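Hi,

Here is the structure you asked about. My notes follow below it.

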Amino acid sequence: MPTLWIDADACPRHAREVIVRAAERTQTPTRFVANHRLPLPPSAWVSALAVPGGFDAADDAIVDRVAPGDLVVTADLPLAEAALAREAEVITNRGEALTRDGIRAQVQMRDFMETLRASGEHTGGPKPYGDVERRTFANALDRWLTRAQQRR
């Protein structure tokens with residue numbers, strides 16, 4: 001069975017709750033990776049991996065462990081790009097599928113927006129994580145879990 005890898009440093013609490021319930025329901029191995037300890041319920045299917053602090057330490061830990069067919073949940077585009085290169089699937093915590101075909105353009109747009117912000121331009125941030133985002137994420141996760149179970 002493929003594994004769910006969660007970039008937990010920036011994963012909203014509501015998305016974590018959706019992931020834990022789905023992992024338990026489908027008996028899917030799920031690993032939350034972060035630079036700090038995470039409060040997770042006791043589970044045979046869900047565990048946390050706390051990595052030593054450091055720039056991209058959690059990302060590196062995920063990339064080192066991810067396998068083809070696994071799912072990585074992250075909004076971090078360089079992590080997504082590395083996971084896609086290892087033939088994993090990637091969705092954001094808002095339910096957006098990231099693909100090998102589109103990731104390069106998304107990384108370039110992110111870099112462009114960072115340049116604008118560095119020059120003093122106010123570009124705004126992401127919209128708040130609400131019910132619509134939570135539902136969209138839950139649906140995307142369920143679709144992946146259904147495909148993963150059919151491959152068993």
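This is a predicted model: local features need pLDDT of at least 70, side-chain atom pairs count only at pLDDT 80 or more; totals for chains, interfaces and linings use all residues.

Leucine 98 counts as buried, at 4% relative accessibility (buried means under 20% relative accessible area, exposed over 50%, partly exposed in between, with a 1.4 Å probe and protein chains only). Leucine 98 sits in strand β6, residues 97-98. Helices (H or I, at least four residues) and strands (E, at least two) are DSSP runs, numbered from the N terminus.

Residues are numbered from 1 along each chain as its sequence is written, and side-chain values use heavy atoms, leaving out hydrogens and water.

The largest nonpolar core has 25 residues (a core is a set of buried Ala, Val, Leu, Ile, Met, Phe, Trp, Tyr and Cys residues joined through side-chain atoms within 4.5 Å). Helix α5 gives the largest share, seven residues. Leucine 141 is among those with the most contacts inside this core. Beyond its neighbours within four places in sequence, leucine 141 touches Leu4, Val18, Ile19, Ala22, Leu71 and Ile91 (contact means heavy atoms within 4.5 Å). A second, separate core has 19 residues, including Val33 and Ile62.

Two loop residues to check. Glutamine 27, between α1 and β2, has a positive phi near 55°. Glutamine 27 is partly exposed, at 42%. Glutamate 87, between α3 and β5, has a positive phi of about 70°. Glutamate 87 is exposed, at 54%.

Best wishes
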